[in-house]
Amino acid sequence: MAVKDVDLAVDLNGLVLPGAVLVASGCFGSGRELGDLFEARGLGGVVSRTVTASPRKGAPSPRAAETPSGLLSMVGLQNPGADAFVADDLLHMASLGLPVIVSVAGGSVEEYVRVTAMLDGAPGVVAVEVYLAGPDEELDGQAFTARPERCAEVTGAVARRAGVPVFAKLPAMPVGLVDVAGACARAGVHGVTLIDGVPGMAVDADELASSLGAVEGFLSGPAVRPLALRAVHEVASALPELPIMGVGGVWTGRDAAELLLAGAWAVQVGTAMLTDPAAAGRVASGLADYLRGKGLVSPSDIRGRMRAPAVRPDAPSRFESGGSA
Amino acid sequence: MKRARAEILSNRSYGAYHSVTIVAPEIAETARPGQFLSVAMPEGRAFLLRRHFSIHQSSRRGGWAGTLEFTFEQHGHGTDWLAHQRAHSFLDVLGPIGTPFAFPRRLTNCLLVAEGHGAGSLYFLAQELRAQGKRVDLLVGARDLEHVFKPIEGKRLSQTVAFMTADGSMGERGSVLDALSGMAEQTRAQVLYAAGPQQMLRGVADFSNARGLPAQIAVEERMGCGYGLCYTCTVPVARKDGSGYDPLRACVDGPVFNPARVLWDQWMGERSAEEMVPTPPEGSPVVRSWPD
Ligand SMILES: Cc1cc2nc3c(=O)[nH]c(=O)nc-3n(C[C@H](O)[C@H](O)[C@H](O)COP(=O)(O)OP(=O)(O)OC[C@H]3O[C@@H](n4cnc5c(N)ncnc54)[C@H](O)[C@@H]3O)c2cc1C
Ligand SMILES: Cc1cc2nc3c(=O)[nH]c(=O)nc-3n(C[C@H](O)[C@H](O)[C@H](O)COP(=O)(O)O)c2cc1C
Ligand code: FES
């Protein structure tokens with residue numbers, strides 16, 4: 001009997017991707033830059049940088065600072081606007097023969113819907129990912145994710161307008177993540193992407209200055225992987241039917257396996273793409289090796305299979321009871 | 001852009017600088033002055049980002065065909081690690097990256113202004129300009145004698161050379177900007193090239209704008225990837241048609257830019273909001289494009 005080899009394809013409740021490893025938003029340029037250094041084989045898709053209805057110039061310089069095992073960055077959604085994006089970058093991304101997930105953002109519910117509508121008829125787009133970390137300009141400028149009901153409003157409106165499955169991209173909230181994910185799911189999203197970069201800062205003590213022009217930025221890279229694992233595990237445990245894309249500090253196939261074991265259905269590779277142009281392909285083949293080594297054939301064989309001690313119903317919660325954490 | 005697992009041929013020090021020669025024929029073949037190399041840091045994930053160094057030398061022919069040289073000053077995690085890499089160990093290198101310096105077709109007197117390690121790429125440029133029959137003069141500045149980059153090579157490559165040090169330990173005391181006007185006059189400079197710290201590049205930009213001298217500068221901005229993916233390295237550059245500006249990527253749209261089109265106040269953080277393209281004063285000889 002022939003032994004079945006590993007097949008990295010995954011089925012996210014009907015959204016079938018040719019691989020379980022994708023490139024994360026903001027870490028793939030236009031699809032042109034890497035040329036033949038980019039290896040599409042074995043990958044599940046690419047997520048575009050986040051696009052808005054009108055062009056945005058983005059944040060002031062400097063926009064990047066290296067931190068221990070991490071990258072602190074603030075690009076500030078620089079993008080050419082959805083029309084120019086569709087006419088140019090998207091064509092190139094689609095020409096790679098990989099599924100494309102387009103990341104969208106806006107300052108208001110109306111703007112999110114408008115950007116989504118601008119993707120009508122665009123080639124290669126299999127899903128939309130909703131970026132929620134930006135300011136809510138209709139209310140007080142706080143992030144949408146500060147209010148579960150606003151996340152639901154935005155993602156619900158996008159889900160009704162988009163002709164494709166919609167994912168909500170959420171941050172690693174220490175409290176209330178399941179509430180937000182659940183609200184988005186009830187509003188009609190197909191799945192969630194966990195996690196977005198973590199708000200952070202870096203200071204240059206030599207120069208007595210903040211390391212980023214915008215002062216605050218988002219932390220990514222290996223430093224955030226434990227946060228991603230926890231977020232994925234929490235949501236997967238509470239909402240087992242909801243597809244999750246795990247993102248955060250994936251550098252190797254084993255890192256991807258960890259996120260799958262915690263409950264992710266697929267994983268995205270972000271910062272690693274910035275230090276190794278072949279990172280996503282390397283992660284995919286590393287994941288295949290890992291599965292093969294375990295005698296398994298599919299990423300779904302390990303999804304959520306992490307063994308954890310049973311949770312005691314009376315376990316003190318650090319956050320709710322203010323207990324002895 | 002190619003990727004190479006490049007063997008180190010030598011790692012030597014010259015004053016305050018280290019100079020690494022690597023074997024990377026595919027990169028050396030197309031490397032031009034102004035372009036740079038990207039070197040991966042060791043696996044281990046404590047410091048992640050690649051480090052970027054201008055190409056100081058590239059030999060396509062000869063005994064050591066297919067080699068490249070880059071130089072750096074040791075001052076942080078990455079350069080500490082690099083300084084300790086010995087001959088016959090290997091580096092993961094990407095290159096050549098970025099747009100190179102353009103050569104003027106008609107004009108011949110080229111003044112090259114460098115500060116610190118900026119001299120690395122300008123010496124490479126000097127060599128290529130001379131091969132095209134241009135006159136090359138060099139103005140080289142540094143903190144002190146130790147930081148004057150390969151002065152003998154500078155002398156060999158140029159018609160005239162002037163050194164400036166902040167502490168007066170070599171050449172005249174002061175910065176290259178103090179000597180710029182005199183040197184430009186004396187050498188009848190028709191074109192300026194510059195590489196060095198942002199503040200110095202801005203001084204060169206102001207000077208070349210005021211004189212109507214065409215110029216090209218190589219910038220260094222903090223880079224997430226160094227190959228065009230992340231948009232963390234942008235420089236605000238005015239559009240040719242005057243309709244505003246674009247935040248262009250220093251790594252692949254640069255690092256060589258026309259300084260007359262860089263929005264310096266904004267880039268240097270002195271004005272934050274969505275600002276306008278500077279309108280040159282009436283009758284100002286600002287050069288808006290590179291002559292060919
Ligand atoms: C296009 C380009 C060409 C360069 N060419 C040279 C060269 O020929 N010789 C040379 O000595 N240096 C050059 N630099 C600067 C060089 O990249 C930095 O000195 C080096 O990255 C410092 O690394 P580190 O780990 O020692 O310092 P750290 O301070 O530990 O570095 C921390 C982070 O900051 C970044 N960084 C630090 N200093 C700079 C800087 N001046 N510019 C941009 N990023 C910086 C590093 O890349 C790293 O991501 C160049 C930079 C760029 C962008
Ligand atoms: C330079 C950079 C730009 C990013 N831009 C976006 C973006 O436009 N939209 C978005 O949803 N996430 C963006 N991200 C976040 C990543 O998609 C990812 O969620 C995060 O970096 C964590 O994964 P990583 O550790 O693998 O990078 C960006 C990350 C980086 C490093
Ligand atoms: S450093 Fe990533 S785009 Fe320039």
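Start by selecting ligand 2: 21 residues surround it, and the closest are Ser25(A), Thr50(A), Lys169(A), Gly249(A) and Thr271(A). A residue counts as near a molecule if one of its heavy atoms lies within 4 Å of it. Before you go on, note that this is a predicted model, in which local features need pLDDT of at least 70 and side-chain atom pairs count only at pLDDT 80 or more, while totals for chains, interfaces and linings use all residues. Residues are numbered from 1 along each chain as its sequence is written, chains are lettered from A and ligands numbered from 1 in the order in which they are written, and side-chain values use heavy atoms, with hydrogens and water left out.

**Stay on ligand 2.** Colour by chain, and you'll see that ligand 2 lies between chains A and B. By class, its shell has eight nonpolar, eleven polar and two charged residues. (Ala, Val, Leu, Ile, Met, Phe, Trp, Tyr, Cys and Pro count as nonpolar, Asp, Glu, Lys and Arg as charged, and the others, Gly among them, as polar.)

An oxygen atom of ligand 2 sits 2.8 Å from a polar backbone atom of Gly221(A). For Ile195(A), a backbone N or O atom is 3.0 Å from a ligand 2 oxygen, and a polar backbone atom of Gly270(A) is 3.0 Å from an oxygen atom of ligand 2. Taken alone, ligand 2 exposes 610 Å², and the protein buries 93% of that (accessible areas by Shrake-Rupley, 1.4 Å probe).

**Next, pick ligand 1.** This one also lies between chains A and B. Of the 20 residues around ligand 1, Arg51(B), His52(B), Thr71(B), Gly78(B) and Thr79(B) come nearest. Over at Glu73(B), a polar backbone atom is 3.2 Å from a ligand 1 oxygen, and Glu220(B) brings in a polar side-chain atom 3.4 Å from a ligand 1 nitrogen. On its own, ligand 1 has 820 Å² of accessible area, and the protein covers 87% of it.

**Zoom out to the interface.** Select heavy atoms within 4.5 Å across the chains: the contact takes 33 residues from chain A and 29 residues from chain B. About 2800 Å² is buried between the two chains, with carbon and sulfur atoms giving 56%; that is accessible area (1.4 Å probe) lost on putting the parts together, summed over both. Highlight Lys57(A), Glu66(A) and Leu274(A), which supply 23% of the area chain A buries against chain B, more than any other three residues.

**Last stop: the cavity.** To find the largest cavity, select lining residues including Thr52(A), Arg56(A), Leu77(A), Tyr131(A) and Glu137(A). The lining divides into four nonpolar, four polar and two charged residues.

Note on methods: 1 Å grid on protein atoms, 1.4 Å probe; cavity = no way out; pocket = protein on both sides within 12 Å on 5 of 7 lines; lining within 4 Å. Polar contact = N/O pair within 3.5 Å; in protein donor to acceptor, adjacent residues only side chain to side chain.
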